[in-house]
Amino acid sequence: MKIIDKAKLISNRCMPSLTNFKNEYVYVSGGMNPESKYIMASVDRYEISTNTWSKTQPMTKPRSCHSSCALNDFIFVFCGIILNFREF
């Protein structure tokens with residue numbers, strides 16, 4: 001296996017969930033901001049074909065240590081830790 005560096009993630013975060021969407025995008029949702037220790041609601045989208053990141057609509061609640069999956073045209077987010085909230 002060969003590891004190749006790609007574009008850097010927009011938001012610094014730990015414990016997010018990643019979802020492959022139609023083999024075109026990777027969505028990185030929630031997690032915790034390692035500096036502030038706040039749980040995040042933000043979602044970043046990586047476009048595989050262009051090697052670029054963009055911000056998307058945030059989740060309705062901040063989550064960390066959660067699971068997510070894609071089905072048809074939707075991304076579902078399950079469980080996780082939902083504590084303090086600060087929008088990033």
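Strand β6 (residues 74-78) supplies three residues to the nonpolar patch, its largest share. The model described here is predicted. The patch covers about 410 Å² of surface and is made by L71, F74, F76 and F78. β6 also gives the most to the lining of the largest pocket, with four residues.

- F76, one of the residues that make the nonpolar patch, lies in strand β6.
- The relative accessibility of F76 is 37%, so this residue counts as partly exposed, a class that lies between under 20% (buried) and over 50% (exposed).
- The largest pocket holds about 240 Å³ of space.
- Its lining consists of F21, Y27, S29, V43, T56, Q57, M59, D73, F74, I75, F76 and V77.
- The elements that give two or more residues to this lining are β2 and β6.

- β1 pairs with strand β2 (residues 25-29) in the antiparallel sense, over five bridges.
- L18 has V28 of β2 as its bridge partner.
- Three residues lie between the two strands of the hairpin, and K22 takes a positive phi near 55 degrees there.

**Positive phi in other loops**

- Most residues other than glycine have a negative phi.
- C65 is not a glycine, yet has a positive phi of about 60 degrees.
- The loop between β4 (52-56) and β5 (67-71) is the place of C65.
- With a relative accessible area of 41%, C65 is partly exposed.
- N72, likewise not a glycine, has a positive phi of about 55 degrees.
- N72 is in the loop between β5 and β6.
- The relative accessible area of N72 is 63%, so N72 is exposed, the cut-off for that class being over 50%.

Terms used. Residues numbered from 1 in each chain as written. Predicted model: local features only at pLDDT ≥ 70, side-chain atom pairs only at ≥ 80, totals over all residues. Heavy atoms only, no water. Patch = residues over 30% accessible without salt bridge, like charges linked within 9 Å, V, L, I, M, F, W, Y side chains within 5 Å. Areas by Shrake-Rupley, 256 points an atom, 1.4 Å probe, with all protein chains shown as cover. Salt bridge = Lys/Arg side-chain N within 4 Å of Asp/Glu carboxyl O. Buried < 20%, exposed > 50% of the residue type's maximum accessible area, 1.4 Å probe, protein only. Pairing = 2+ DSSP bridges. 1 Å grid on protein atoms, 1.4 Å probe; cavity = no way out; pocket = protein on both sides within 12 Å on 5 of 7 lines; lining within 4 Å. Points joined across faces, edges and corners; volume = space filled by probe spheres on them.
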